[in-house]
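Please look at the sequence and the model below. The questions after it concern how the parts of the chain meet.

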Amino acid sequence: MVYNVIITHEKVSSSQALEWCQHFLGGVWSTLTVEEMQMNRISGGLSNYLYCCSLPDHIQTQHNEPRKVLLRIYGESHGQHRSTLLNDSVVCTLLSERKLGPHVHGIFPEGRLEEFIEAESLLTSEIRDENISKKIGGLLGEIHQIHMPLVKEPIWLFNTMERYLSDTKYVMDKLKKDDDRQIFQELRSVCNFTQEFENLKELLSTIDSPVCFTHNDLQAGNILRLNSQYESFTIIDFEYCSYNYR
């Protein structure tokens, strides 16, 4: 069964990818062969491996099945936090239904199949543009008003920072280059991470900020400019979302 496939290598095989496409997309995908399917690696790392799976030009669709989809395979960093995967799947499906994110074609334990959006990520410098910032702000406003079936207390931020603080104890052991070790030592000499964390918690307790559904990872790479509408944007990758201070 397709649900029992285990990803043990860096890259998913074409046959595994085709199984998922056949199972969730139907139509002409059901009779497609591994040799016919076109599959290209888009990017990948600790968080996700992304692939584009598409039909060759000479094969016509039968119904409304897509010609091209995005295959997202969860990376190693997700393996230790299974609850994150559950939240991510639920959130992406709900955003898909509200037309605020890519359409989700199928979800399985190792990842999901999504609509392939013809778009490009913004550059950090572009976010400084006033008009672009206003449009991104409008998108965030819509997202912040959504009610999600997640924990409503803003505990994600503090829990995540505590985990990162705990990890700093082992950073020196993982750094191989002397220059990197020196930089980290200098940083620790001028910054007390634990005290900074306590100061932040104290500061946030005094700020009258609403708690709402938030993205928590809104950097340029997660904001796409749609090729079909140059001045239209969409926000992707909600894997770190939670209820948080607005």
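This is a predicted model: local features need pLDDT of at least 70, side-chain atom pairs count only at pLDDT 80 or more; totals for chains, interfaces and linings use all residues.

Q: Into which domains is the protein divided, and how far apart are their C-alpha centres?
A: The protein is divided into domain 1, residues 14–118, and domain 2, residues 121–245. The C-alpha centres of domain 1 and domain 2 are separated by 26 Å.

Q: How much area do domain 1 and domain 2 bury between them?
A: The contact involves 17 residues of domain 1 and 19 residues of domain 2. Carbon and sulfur atoms account for 66% of the buried area. The area that domain 1 and domain 2 bury between them is about 1,500 Å².

Q: Which residues of domain 1 lose the most area to domain 2?
A: Three residues of domain 1 together make up 32% of what that side buries. They are Val-91, Leu-100 and Glu-118.

Q: Which residues form the salt bridge across the interface of domain 1 and domain 2?
A: The rule finds one salt bridge across this interface.

Q: How many residues apart are Lys-68 and Glu-118, which form a salt bridge?
A: The closest N and O atoms of Lys-68 and Glu-118 are 3.1 Å apart. Lys-68 is in strand β3 (residues 68–74), while Glu-118 is in the loop between β5 (111–115) and β6 (119–121). The pair links distant parts of the chain, 50 residues apart.

Q: Why does the pair of Phe-213 and Phe-238 count as stacked?
A: The structure holds five aromatic pairs. Phe-213 is in strand β7 (residues 211–214), and Phe-238 is in the loop between β9 (233–235) and β10 (242–245). The ring centres of Phe-213 and Phe-238 are 6.3 Å apart. The pair is stacked because the planes are at 5 degrees.

How values were computed: Residues are numbered from 1 along each chain as its sequence is written. Side-chain values use heavy atoms; hydrogens and water are left out. Domain bounds come from an automatic or database domain assignment. Contact means heavy atoms within 4.5 Å. Buried area is the accessible area (1.4 Å probe) that two parts lose on being put together, summed over both. A salt bridge is a side-chain nitrogen of Lys or Arg within 4 Å of a carboxyl oxygen of Asp or Glu. Rings of Phe, Tyr and Trp (its six-membered ring) pair if their centres lie within 6.5 Å; planes under 30 degrees apart count as stacked, over 60 as edge-to-face and the rest as tilted. Helices (H or I, at least four residues) and strands (E, at least two) are DSSP runs, numbered from the N terminus.
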